[in-house]
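Hi,

Here is the structure I promised to pass on. My notes on helix packing and a cavity follow below it.

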Amino acid sequence: LHLYNTYCLSVSIYLIVLFVRSSSANSHLQSELRFRQHLSLQLMMVVRHYTALLLSTISLITAPISCQAFYSSGPQHQPSKTALRNDLSSFCAEADIQQINQIPQSDSTLSSARGWMEHIEQRDGPKYGVGAYTVLRCDATLQPDMSCEWKIWGEKFHMDRLSSSFQTLTTNLFGATESAGSFYGGGITSMSGMGSSVHTESMFTDSIEETRHVMTMLLEQATKSICANSYNSQHEGSLTHTLMLTILWTPSSSQQSTPLVRGHAAFATIAPESTTSNSIDNESHLSLPTPITACVAIPNQLTPESLSILPRRHGMNLNLQRQVGSSASAKVSSWCRIRRPLEDPNRYKPPGVGEVILVRKPETERGTNIMTYSNDNFIDTLELLEGLISNLFVVYKDGTVRTAPVGLVLPGYARHLIIQELNEREMKVDSSNPPTIQDMRDGLWSEVFVTSAIRLVVPVERIIMPATGANVNPLILWEAPNDEYRATRMIQSAMYQRGCRQATVKNVVSYI
């Protein structure tokens, strides 16, 4: 646009000079005709370029409106990196198979994926508003031709888990002819080893294709947002942008076994210290996010009965937690609503607490839950499972990395990458036995971290217990011995590189 401005201004000045010279000169007829012909050609050129300039300007101004995206106007001066991120943070959109809609920044309910799913549940009811969902990390790097190279993390993994979760959900809701147990006979094994579930793919082939179409629509809109914001940022596009893309499958009222596919997209608000790199394939600038404090989810009264009524994924009571699904391995949207009591800022998640850890009583024998513990050893016997929105890992002093098994926790993609990487390196990894508070008390722990699809790896510096019984203040159960987090950094770097290598690459062109 700047080049167009400069060119048209130069040609306009040239025409004025020619007109003045012709007016003052005594030209004969032939030269006058040549001059008029030359003047007409130059005038047509100017009109053409001014028209192109006008159309380009209109396109730049109206593109966010016409494609139903929302952009912050921002200051009129040259934006900084922080200003650019703020502009992108205002981008938010939802889509189904037919259309894509804008979500204004002012809409605090729908602008977050969680609020969006809770809104659908409230609007459509527990039967058709609750669905299986998954969250994908999509990293974009702006190219010189104003297209974006997107790296979609674990697309195959997410499609498999989405299909499995939907099958479990509909089995519990509508009593499908095929039980969840028989389906999960292959499903859970497939998830933990990330093999291919032929049954899942054959059942949901059309739905997966619709999901990819919705994803493409959202990625195209996000690309327009990146390009529009990068125009004023002087090659700011070399920065990697992370999009949080949520896919939701809800049962159809007409055909319950076939999901309605919806999608939601918003740029992730990742702190500057956790920004990956200017180059998505270069881990040299990969920095660890700020360590967080985690709180264990235990009741005020230390009894197994009180613990059993807290929201949880494993061993769910469908009468109390409607239609969540019978398996902790199913990622179901009603968990967004059900977990809210565990986010109480006055108990479990006060300021400074970044995650809440779900716990359970151990089993002495297969399928038998112990409910006869005394209050004295209640805390020490607890097993730590997962966070509300993350998987939990504990690094032991002997080098073993331990995390709770599939069946007790949701198998996240970051968790899958880490287990895969540790196994290839022949490091000691235990994904069959949850870490215990007794091990913590015995001083066996070295480091703790949590993982999620968007933030990947986040170190834990402290684990606290909320006020219970006579204790009116939270108690510190464990603190990191130092702030080096050597094992956590190594694991983060290795899983990041593996995630980049396995990501699906998709080039999306912006037409604004």
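H5 (residues 155–174) and H8 (residues 205–230) cross at roughly 125°, their axes coming within 11 Å, so the two helices are oblique to each other. Axes here are lines fitted to C-alpha atoms, for helices over the stretch in contact, with angles running from 0 to 180 degrees between N-to-C directions. Angles under 35 degrees count as roughly parallel, over 145 as roughly antiparallel, 65 to 115 as roughly perpendicular and the rest as oblique. Helices (H or I, at least four residues) and strands (E, at least two) are DSSP runs numbered from the N terminus.

Who touches whom there? On the H5 side Glu155, Met159 and Ser163 make the contact (heavy atoms within 4.5 Å), and on the H8 side Ile208, Thr211, Arg212 and Met215 do.

This is a predicted model, so bear in mind that local features need pLDDT of at least 70 and side-chain atom pairs 80 or more, while totals for chains, interfaces and linings use all residues. Numbering starts from 1 along each chain as its sequence is written, and side-chain values use heavy atoms, without hydrogens and water.

On to H11 (413–424) and H13 (residues 486–502): their axes are 9 Å apart at about 105°, which makes this pair roughly perpendicular. H11 brings Tyr413, Ala414 and Leu417, among others, to meet residues of H13 including Ile491, Ala494 and Met495.

Tyr413 and Ala414 also turn up in the lining of the second largest cavity, along with Leu136, Arg137, Trp153, His158, Ser452, Ala453 and Leu456. A cavity is a set of points on a 1 Å grid over the protein atoms alone where a 1.4 Å probe fits but cannot get out, and lining residues have an atom within 4 Å of a point. Strand S3 (132–142) and H11 each supply at least two of the lining residues.

Cheers

Conventions. On a 1 Å grid over the protein atoms alone, a cavity is a set of points where a 1.4 Å probe fits but cannot get out, and a pocket is an open set with protein on both sides within 12 Å along at least five of seven lines; lining residues have an atom within 4 Å of a point.
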